[in-house]
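Biologist: Could you take me through one part of this model at close range? I would like to follow a single contact between two elements, residue by residue.

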Amino acid sequence: KRKHVEELKRLQDEFQKSVMRIQQESQRNKGKKMPSPRTLTLMQEKNMERVVAVYQKQAQERSFLATKIAKQEDLLMKSRSQSLQRLISESQGKHTQLYK
């Protein structure tokens, strides 16, 4: 989880730096050469695509881990079941030997 939060914070920092860079360029040019709305929209779309990609990757990682844990739980339950069956058969064998 910490890795995911760090990744999102890194993206946020990159986005803030790009906005600050655009703002500084605009101030240097005294508003004469402002980025077009189309350019800003494309930048926003690109940023959102990156955020969505990060969330998709994180969801895939969580899904993989959940599947892995479920498989391990299944193996554990099968192992316990086999152990119980073995103990039951052993105790039944001893029980039948005692009462013969």
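Modeller: Happy to! Let's start at S18, which sits in helix α1. Keep in mind that this is a predicted model. With a relative accessible area of 10%, S18 falls under the 20% cut-off and is therefore buried. Its side chain reaches the backbone oxygen of F15 at 2.8 Å.

Both S18 and F15 belong to the set of α1 residues that meet helix α2. On the α1 side, that set also includes K3, H4, E7, L8, L11, E14, V19 and I22. Facing them from α2 are L40, M43, N47, R50, V51, V54, Y55, K57, Q58, E61 and R62. Sorted by class, the contact has 10 nonpolar, 7 charged and 4 polar residues.

Now for how the helices lie. In general, two packed helices are described by the distance between their axes and the angle between them. Here, α1 spans residues 2-28 and α2 spans residues 37-98. Their axes come within 11 Å and cross at roughly 175°. An angle over 145 degrees counts as roughly antiparallel, so that is how α1 and α2 run relative to each other.

To finish, look across at the α2 side, where Q58 is found. Q58 has a relative accessible area of 2%, which means that this residue is buried. Leaving aside residues up to four places away in sequence, Q58 touches H4, E7 and L8.

Methods: Residues numbered from 1 in each chain as written. Predicted model: local features only at pLDDT ≥ 70, side-chain atom pairs only at ≥ 80, totals over all residues. Heavy atoms only, no water. Axes fitted to C-alpha atoms, helices over the stretch in contact; angles between N-to-C directions. Helix = DSSP H or I, 4+ residues; strand = E, 2+ residues; numbered from the N terminus. Parallel < 35°, antiparallel > 145°, perpendicular 65-115°, else oblique. Contact = heavy atoms within 4.5 Å. Nonpolar A, V, L, I, M, F, W, Y, C, P; charged D, E, K, R; others polar. Buried < 20%, exposed > 50% of the residue type's maximum accessible area, 1.4 Å probe, protein only. Polar contact = N/O pair within 3.5 Å; in protein donor to acceptor, adjacent residues only side chain to side chain.
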